[in-house]
Amino acid sequence: MPIADFASSAIIDQLTHVLNALSAEDRKKEINKTKAVYAFEVANAGGKKHYFVVDLKQAGKVTDGATEAKAAQGQPKPDISIAISDDIFVKISEGKTTAASEFMSGKVKIKGNMMLGMKLEPILKRFKSLAETLPPPPSPVAATAAAASTSEGPKQDIVVKGYNGSLVIAQILKAFGSDDAKREAALKKTNAIFQIDLNGPEGIKSWVLNLKPGASATDIVMSGTAAQNKKAAGATLILNDADFVDLASGKLTGQSAFMGGKLKSKGNIMLALKLESVLKAVKGPVAKL
């Protein structure tokens, strides 16, 4: 969102929009092109400062704050810190000057890896080109309306008391979340997004399994519905919590559950067979809550 009196905040918004709009795989490609964390201290004409941290090394995200500490919260340690005026930042993004020339004139101060400062113009140019291929970000009013239309209340934690199937889902996260190679191999075989609706003591609770290539350790398992997580599920599987545990343990097959009316599906029912193979890959004793 634009920050009053800081024209350069539009540049940061553009970076944020592109990173959020990219698929996990494309975001990873952009990260691999840069492999650095940039911290910016931007001062406007009135002397007011605002801080931004752009992570193009790990998660691929942007944070900002009125203080350096607030902007850096939850981000990796910066490889380069750039103190720059608001107007010069804009000029660099427009190609009217370079970070190198402004540094040599003393108008830009750099701490850390100096060579990364020379990459600033190409990065901004690349993200500007990417932004031109994407639909514009929604206005704050539209974003609020969209959130209201898809929200079904606050999301629950991954593990939910009384839903033993949530422990199975947590096993999937544990098995794939820490092993990039194992995760990517499984995702290539599955290549699907599932919404799991489990009927338990408090009614239906939902989870999303993002089992498409390029999914990261942070978005392979998500609580809530596909709509809440801005995903399109290829199949939604609806079953009792206990039956899902039996499906995971091998006591029940997807085919027998479907034929016996224990499993209902919206979307591609054949994807249930793919999910079975994922459950077998992480199969282990399931505790009870």
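**Salt bridges in a predicted model**

Across the whole structure, a search finds seven salt bridges. The model is a predicted one.

First, the setting. The chain holds 13 helices and 10 strands. It has 289 residues, and 43% of them are buried. Take the contacts between residues at least 6 apart in sequence: 63% of these join residues at least 24 apart. The accessible surface is about 15,300 Å². Carbon and sulfur atoms account for 56% of that surface.

Now to the pairs. Glu41 and Lys49 meet through their side chains in a salt bridge, 3.4 Å from N to O. Glu41 is partly exposed, at 25% relative accessible area. Lys49 is partly exposed too, at 38%.

Next come Asp79 and Lys57. Their closest N and O atoms are 3.1 Å apart, in a salt bridge. Asp79 sits in the loop between α3 (68–72) and β4 (80–85), and Lys57 in the loop between β2 (49–56) and β3 (61–65), so this pair ties together parts that lie 22 residues apart in sequence. Asp79 has a relative accessible area of 23%, which makes it partly exposed. Lys57, at 38%, is also partly exposed.

Lys205 and Glu202 form another salt bridge, with an N to O distance of 3.6 Å. Buried here means under 20%. Glu202 is exposed, at 57%.

Note on methods: Residues are numbered from 1 along each chain as its sequence is written. This is a predicted model: local features need pLDDT of at least 70, side-chain atom pairs count only at pLDDT 80 or more; totals for chains, interfaces and linings use all residues. Side-chain values use heavy atoms; hydrogens and water are left out. Helices (H or I, at least four residues) and strands (E, at least two) are DSSP runs, numbered from the N terminus. Buried means under 20% relative accessible area, exposed over 50%, partly exposed in between (1.4 Å probe, protein chains only). Contact means heavy atoms within 4.5 Å. Accessible areas come from the Shrake-Rupley method with a 1.4 Å probe; for residues, only the protein chains shown count as cover. A salt bridge is a side-chain nitrogen of Lys or Arg within 4 Å of a carboxyl oxygen of Asp or Glu.
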